[in-house]
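User: I would like to learn how to read a few features of a structure. Please take them one at a time.

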Amino acid sequence: MFVLYETPAGYAIFKLLDEKKLKEVDNLYQEFQTPDRANKLLKLKHFQKFNDTTEALAAATAAVEGKVSKPLKKTLKKLFGDEVQESLLVADAKLGNAIKDKFAVQCVYNTGVQELMRCIRQQADSLLGGLPKKEMTAMALGLAHSLSRYKLKFSPDKIDTMIVQAQCLLDDLDKELNNYIMRAREWYGWHFPELGKLITDNIAFVKTIKLVGTRDNMAVADLSDILPEDVEEKVKEAAEISMGTEISEDDTINIQCLCDEILSISEYRTHLYDYLKARMMAMAPNLTILVGETVGARLIAHAGSLINLAKHPSSTVQILGAEKALFRALKTKKDTPKYGLIFHAQLVGQASLKNKGKISRSLAAKASLATRVDAFGEEATFELGAAHKVRLEARLRLLEEGNLRKLSGTGKAKAKFEKYQAKSEVFTYDPGADNTLGLAKKRKHSDAAECSKSAKCQKIEPEDVAVEAEKSPETEDYSRSRSRSASRGRNRSSHSRSVSRSHSRSRSASASREVRKTTRDIYGRGRENGRENGDARYSEDERNGGGHSASPRRRYADDSPSPKRSSHSKRVRSESRRHGGGGGSSISRSRSTSHRD
């Protein structure tokens, strides 16, 4: 069983002579109280020394990340060339898994191994033997410094830490400047309140206070270098009629000292912004071209470094800085934010409200690519950022115009967007549509008066009215409408037609039977009354073998004059005969037709 021990000078391989001691973890420290007892338990098998500090740093970095370095590979190849069945005790579980995958060696890591490593560290000088203590100490110090630089991401070529500090200081200066300017406006406002509304620029306001002092000196002061002519005239007019209180000379001196501080902080802020701009263009030119110096520096400061920002996906870059809103939206199950620090970029600010989400997503995707080029690229150029910015501006124009098309690929045709226009259709109510009968319209008052006059002048016979009513077009229209309605009723369904026909036939048959029975009853009662009264007509009919054989017309013609008929009844009977048949047949036809309808 072998033990892998890592030192600042190199890798040491020990052979464990007594494996049973490893099981006694509580008493293992007793075996390392003296160097002699430690040498009896462990024996140095092989020592691989590092050539320089760079190789030592690479080996230490690989061990931290759980990887096998090149010096360790050489050492293990020499050790396990023949003795493959031996197991290896390691101080790191990740490193043990990597060795097991590379060399198919059983690696052991438990509490007994940890205690053994602590005991070896106590007697390292005696167990290694060939290395002086001073040299080991110097190697440990150099490796510690190198490893600290690596962990802090210290690089003389790309110093993103300076950018982070400069951006944080710039934000602090902005807050302090706002506080100082608000205090100066409020303080001097008690003496000259009208000045704050006339001068909106903070720096011009502070310079005016420093130059003039009290408002009494405003009339003789020359403000042409600070203010425009029209504003200067308004300030001098307002100073003459100001409603402010009087202040002493000490108050004026203190206010002017505050103005000096504001001007000095503002000047230093300008110098710091220029430094940040130059550093951003040197370190991340593509990101600076896309989102600007301030937003790019804030993204780097929020991520911690440029390399950390390059590791983030575009979706994370898009909402970077809006973590509080994101987790609140996830907790309440609402819409997540569409942008974070990237909202302050120039392209997002130019977009309308409905397109800010789309352009921020596109900008985050391009900014992620630009950050990776800046962090891992060899040449510091801004060609990629400039090309992406041109494409984003073109997409923004398309989104604002409302014409969507693909910027890459084969889809070059513009999409057609037709605006929906609501058509207002107003319908007026027609009261005449309520009448569903096909009757003639009402006549006007003038037509009714003329008709009444003509009726007074001309007398109309009732027979002519009956004939005209039969021949009038209104009657014909009414009959046609009745026939049409009957035909529509017959066409509804075959079943309804058969049922209606059977009912109409039964009704017509029953009606005809009733008519015949009534006629017989009438003629029978008349004959009996005639016999009782001694009427000669009925006796003569009986003698002649009559009964109902002779028609009533013939009997009336032979025996007595027939009753008088009106001209109207004559004309109706003649019309019925002319249309085919006697009166009884026409009556039965009309009845059957009415039943059928």
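User: Is Thr214 buried or exposed?

Analyst: First, the ground rules. This is a predicted model, where local features need pLDDT of at least 70 and side-chain atom pairs count only at pLDDT 80 or more, while totals for chains, interfaces and linings use all residues. Residues are numbered from 1 along each chain as its sequence is written, and side-chain values use heavy atoms, leaving out hydrogens and water. Buried means under 20% relative accessible area, exposed over 50%, and partly exposed in between (1.4 Å probe, protein chains only). Thr214 counts as buried because its relative accessibility is 18%.

User: Which residues is Thr214 in contact with, leaving aside neighbours within four places in sequence?

Analyst: Contact means heavy atoms within 4.5 Å. On that basis Thr214 touches Tyr188, His191, Ile247 and Thr252.

User: How many disulfides does the count come to?

Analyst: A disulfide is a covalent bond between the sulfur atoms of two cysteines. The rule here is a pair of cysteine sulfur atoms within 2.5 Å, and the count is zero. Cys259 is in no disulfide; the nearest cysteine sulfur, that of Cys257, is 9.0 Å away. Cys259 is buried at 0% relative accessibility, and Cys119 is buried at 3%.

User: What is the strand order of the open sheet?

Analyst: Strands of a sheet pair through backbone hydrogen bonds, either parallel or antiparallel. Strands are DSSP runs (E, at least two residues), numbered from the N terminus, and two strands pair if DSSP finds at least two bridges between them. The five strands run in the order β3-β2-β1-β4-β5, with mixed pairing. The edge strands, β3 (42-49) and β5 (107-108), each pair on one side only.

Note on methods: Helix = DSSP H or I, 4+ residues; strand = E, 2+ residues; numbered from the N terminus.
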